[in-house]
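This report describes the fold of two protein chains and the contact between them. Please keep the sequence and the model in view while reading.

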Amino acid sequence: MRATRRILRYELHNVLRSRTVLVYAALLFLLTDALFRFGGSGARVVLSLLNVVLILVPLVSALFGTMYVYGAREFTELLLAQPVGRRSLFTGLYLGLSLPLAGAFLAGVGLPFILHATPEAALWGPLLMLLAAGLLLTFVFTAVAVLLATHFDDRAKGLGGAILVWLACAIIYDGLILLVVSWFSDYPLEGPVLALTLMNPVDLGRVLLLLQFDTAALMGYTGAVFERFFGSAGGRVAVLAALVVQAVVPLALALRVFRRKDF
Amino acid sequence: MNTALEIRGLGKRFGSVVALDGLDLTIERGRVTALVGPNAAGKSTLIRAILGLVHPDTGTLVLDGEPLGRDWRYRGRLGYMPQAAHFPDNLTPREVVAMLRDLRGSGAGTDEELLEWFAQSGAMDRPVRGLSGGTRQKLNAAIAFLFRPALLILDEPTAGLDPVASGRLKDKIRALRAQGTTVLLSSHLIGEIEELADDLVFLVEGRIRYAGGLAELKAQTGERSVERAMAALLGGGRA
C-alpha cells in the first residue's frame, strides 16, 4: 500500500502535466462554457453534454490510456526491477492514469456549472448523474485500455483493440440491439433488451441520464419498462453496480496478466 | 562464500523459441563478469530473469545463498542500468531520483558520486522529454549506482555516451569492483569487455558455450584477442 501511494504520487505528477490531459480538460471546459453562453439553462446544458460524455469520455480514456501504458513500458520495467511488488506497481499505474483523467473531466465539466448555473433543485439530479456517468466511464475505459496494452505487446494491436472496443460500445452495439429487436419483433423483448443494455457501459450512461429528464415517455412501451426498472432506486443502484463491475472485471484481468507477464 | 549468484537449470521458452536452455552458471562475488553472445542468444532473458522481469519455466536462482522466489525484496540488493533509458516525459531527473529513493528507502546508504556528476550538467530540474539521449543515459547510470547494490547489472552501459562520460563510467565500475561489488556486464564492445571484465560468459542459443576467466579463454583457444577466441568457440576459426 505504501509503495502504491509512492508510485501514485509521481504518476499523478507526470500525467497531470501531460499536454493531452490539459487539452482534454480545456476542451471540456470550453464546450460546457460555450453551451452556457449560447443561452442554455443548467438542465439543457446537461442534456447537450450527454452525447459528448458518452462518446468523448470513452474515446479519450481508451486511446490515451492505451498510449500511456505503451509509452511507460520501459519505465515500468525499470520500476519492476526495484524492490516493489507487481500488484502495488499495477495499482499505482492504473490510479495514476485514471485519476488525472477523471479530474480533468470533473474540472472541465464541473467548473462552468459553478461559474454559470443558477442553483436550482431540479438541476442537481441530472448534473450528479452526468458527472457520475462520466467518472464511471473514465474508470471503465481506462481499465479496458490497461488490459489491452498489458495483454498485447504489439502497440498497433493494443490501439486497434481500444478503438474497436470504443466503436463497439459507442456505435455498433446499438445497431446490434436494433437488429435483434427487428429479427425477434414477434416476441416480448423488454427483458432481453434490458439485459443487453446492462452489458454496455455507454448505454448504461445514456439510460441513467435520459431517465433524469422524463423523456422515457417518448420511447413507448419499452421506455415505460426501462423507466420502471432504471427509474427505481434499485434500478439505479443496479446500473451503478453494473458500471463498477465493468471497470473491475477488465482491471482484475489486467492485474492477472500483469502479474504473470514476462517483460 | 565467493559465490554471489548461482543459477541452476534455468530454462525459458517463448512459444517455440528456446531462450534459455537449462543454464547452469556461477557468478563470483567482487568480479566483473561479461555476458556476451550473438543476437537472440538469451542474454537479455537471463538478465531479466535475474531481475524478476521474466518468469523462468524451470530452474533456480540463488542470490547470496538465498533462493529467489516470488518475494521481490531481493531486488533492493540489485542495481540495474537498462540499455535504453526511458523515464516519464513530464518528470524532472530530480523527481525521478526522488521517486526511486522513496521506493527503495535508505537501505545500504547511497553513492551520490555519479548523481553529482549528472547534476553538473544542469539538467536536474528540466523535464526528461527535453534531455538528449546521452544525458538520459547518464541519469540511467547515476540511478543504477545510487543505492550501493551488491549486484550491479549493466546492459550495454556505454551505448550513447560520449568518450569522456564513457571513461568516467568505466572508472566507476573499476572502483566498485575494487570495493567488492559484483558486476554483470552485457556488452557487444569487445574492447570494453577486455578493459573491464575478469570473467566471461559466452551464450549461444540459450546455452553456455564458455564460462570462465578471460585469460583462460585465450589460453584454451590459443588466440590472442577475446574477439578471435569467441569466433574460435563458434567454430569460425580465425576471423
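The model is predicted: local features need pLDDT of at least 70, side-chain atom pairs count only at pLDDT 80 or more, and totals for chains, interfaces and linings use all residues. Residues are numbered from 1 along each chain as its sequence is written, while chains are lettered from A and ligands numbered from 1 in the order in which they are written.

**Chain A**

Chain A contains 11 helices and 0 strands; helices (H or I, at least four residues) and strands (E, at least two) are DSSP runs, numbered from the N terminus. Its radius of gyration is 20 Å, close to the 18 Å that the globule rule gives for 263 residues, so chain A is as compact as a globular protein of that length. That radius is taken over C-alpha atoms, and the globule rule is 2.2 Å times the number of residues to the power 0.38. Along the principal axes, the C-alpha atoms of chain A fill a box of roughly 60 × 45 × 30 Å.

Of the 263 residues of chain A, 42% count as buried. A residue is buried if 20 or more other C-beta atoms lie within 10 Å of its own, exposed if 12 or fewer, and partly exposed in between, with C-beta atoms placed from the backbone.

**The sheet of chain B**

In chain B, 6 strands form an open sheet of mixed pairing, in the order β6-β7-β8-β3-β9-β10. Two strands pair if DSSP finds at least two bridges between them. The edge strands are β6 and β10 of chain B, each of which pairs on one side only.

| Strands of chain B | Sense | Bridges | Example of partners |
|---|---|---|---|
| β3 and β8 | parallel | 4 | B:Val32 and B:Val183 |
| β3 and β9 | parallel | 4 | B:Thr33 and B:Asp199 |

Strand β9(B), residues 199-204, is mostly covered, with 5 of its 6 residues buried. In the hairpin that β9(B) forms with β10(B), 2 residues lie between the strands, and B:Glu205 takes a positive phi near 50°.

**Two loop residues of chain B**

Positive phi values also occur in two loops of chain B. B:Arg148, with phi near 45°, lies in the loop between α4 (133-146) and β7 (151-155) of chain B. This residue counts as partly exposed because it has 16 C-beta neighbours inside 10 Å. B:Glu156, with phi near 50°, is found in the loop between β7 and α5 (163-178) of chain B. With 18 C-beta neighbours inside 10 Å, B:Glu156 counts as partly exposed.

**The contact between the chains**

The contact takes 25 residues from chain B and 21 residues from chain A; two residues are in contact if their C-beta atoms, placed from the backbone, lie within 7 Å. On the side of chain B that touches chain A, the elements giving two or more residues are α1 (43-51), β6 (78-81) and α2 (93-104) of chain B. Of these, α2(B) gives the most, with 6 residues. The residues of this side of chain B divide into 14 nonpolar, 5 polar and 6 charged. Here Ala, Val, Leu, Ile, Met, Phe, Trp, Tyr, Cys and Pro count as nonpolar, Asp, Glu, Lys and Arg as charged, and the others, Gly among them, as polar.
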